[in-house]
Amino acid sequence: MGDIAKDLTAGTVGGVAQLVVGHPFDTIKVKLQSQPTPLPGQLPRYSGAIDAVRQTVAAEGARGLFKGMGAPLATVAAFNAVLFTVRGQTEAFLRSEPGVPLTVNQQIVCGAVAGTAVSFLACPTELIKCRLQAQGALASIGSAAVAVKYAGPMDVARHVLQSEGGVRGLFKGLFPTMAREIPGNAAMFGMYEALKQYFAGGTDTSGLGRGSLIVAGGLAGGSFWISVYPTDVIKSVIQIDDYKNPKFSGFFDAFKKILASEGIKGLYKGFGPAMGRSVPANAACFLAYEMAKSSLG
């Protein structure tokens with residue numbers, strides 16, 4: 001099997017593992033990010049991550065934690081095909097000769113290139129997912145952002161195409177998506193390689209066991225969010241913003257308004273669930289990817 005086919009297949013397996021493990025955490029992250037700032041004297045909709053889980057399960061059952069998974073599940077094959085194949089081809093381009101291990105800095109470049117490519121798939125997928133995840137929290141307080149109730153991923157896509165500028169509407173938030181994916185993937189793949197080389201005691205990491213791969217993958221996933229989390233918050237609020245009566249005119253306007261109304265902590269809403277998701281989800285993703293690629297020869 002060719003290298004591209006191996007990366008495509010192994011990346012898809014890794015992506016499915018990542019999605020199944022991590023989606024409930026992601027749902028709670030978006031709910032916390034999207035809840036409006038309470039008025040003076042009022043309590044927020046959710047007091048924290050545990051409260052958000054409790055309220056979600058009470059109102060929607062356990063399946064409420066998996067709301068919005070249809071969109072990323074439907075595109076996980078394409079998303080990971082792009083991410084891991086572009087990364088693999090960039091690795092091949094940067095190698096001085098076949099089989100030579102890359103440096104950590106070269107892996108950072110590979111991650112950045114892969115992040116650029118995958119942003120164009122991530123943006124519409126994230127928009128659909130965020131709207132489905134956020135509408136429950138927003139609808140309960142009568143927010144204009146959810147004047148339309150969505151029945152599912154296709155319903156979100158249909159509404160955006162018909163009422164929010166066509167295909168362009170699905171790419172609302174592309175700039176913050178790229179500002180998340182490019183440095184985030186650079187950090188993640190760089191950290192993953194650095195940790196693998198540290199555990200292996202050198203550049204040959206082919207003999208690492210599952211435990212080392214799990215730790216390296218989990219910590220690498222954590223580095224993604226540490227490096228770009230405020231950008232993700234801005235992306236989420238822009239993508240769920242009302243089309244006809246927007247609160248934000250763009251990335252920098254959202255940044256200024258969040259900072260003015262909520263301070264620095266407003267840029268870290270949902271950080272706990274994001275990190276709680278990232279470590280196990282990326283541990284599962286990288287382990288599944290490495291095992292699948294190894295089994296393919």
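This is a predicted model: local features need pLDDT of at least 70, side-chain atom pairs count only at pLDDT 80 or more; totals for chains, interfaces and linings use all residues.
Residues are numbered from 1 along each chain as its sequence is written, and side-chain values use heavy atoms, with hydrogens and water left out. Local features were required to have pLDDT of at least 70 and side-chain atom pairs pLDDT 80 or more, whereas totals for chains, interfaces and linings use all residues.

The largest pocket holds about 820 Å³ of space. A pocket is here an open set of points on a 1 Å grid over the protein atoms alone where a 1.4 Å probe fits, with protein on both sides within 12 Å along at least five of seven lines; lining residues have an atom within 4 Å of a point. The lining comprises 26 residues, of which R95, K196, T205, E290 and K293 are the closest to the centre. Helices (DSSP runs of H or I, at least four residues, numbered from the N terminus) α1 (3–34), α3 (70–94), α7 (174–200) and α10 (271–295) each contribute at least two lining residues.

In total, 19 salt bridges were counted, each defined as a side-chain nitrogen of Lys or Arg within 4 Å of a carboxyl oxygen of Asp or Glu. K293 pairs with D7, with the closest N and O atoms 3.0 Å apart. This pair links helix α10 to helix α1 across 286 residues. K293 is partly exposed, at 26% relative accessible area, whereas D7 is buried, at 3% (buried, under 20%; exposed, over 50%; partly exposed, in between; 1.4 Å probe, protein chains only).

A salt bridge also joins K129 and D26 (2.7 Å, N to O). K129 lies in helix α4 (residues 104–139) and D26 in helix α1, so the bridge ties together parts 103 residues apart in sequence. K129 is buried at 4%, and D26 is buried at 6%. Both residues belong to a network of salt bridges that links D26, K29, E126, K129, R180, E181, D232 and K235. Within helix α3, E91 and R87 are four residues apart, about one helical turn, and form a salt bridge at 3.5 Å.

On the surface, Y198, F199, V215 and L219 form a nonpolar patch with about 410 Å² of accessible area together (residues with over 30% relative accessible area and no salt bridge, nonpolar side chains joined within 5 Å). Helices α7 and α8 (210–239) each give two or more residues to this patch. L219, in helix α8, is partly exposed at 46% relative accessible area.

Note on methods:
Grid points are joined across faces, edges and corners, and a volume is the space filled by probe spheres set on the points. Patches are made of residues with over 30% relative accessible area and no salt bridge: like charges are joined within 9 Å, nonpolar side chains (Val, Leu, Ile, Met, Phe, Trp, Tyr) within 5 Å. Accessible areas come from the Shrake-Rupley method with a 1.4 Å probe; for residues, only the protein chains shown count as cover.
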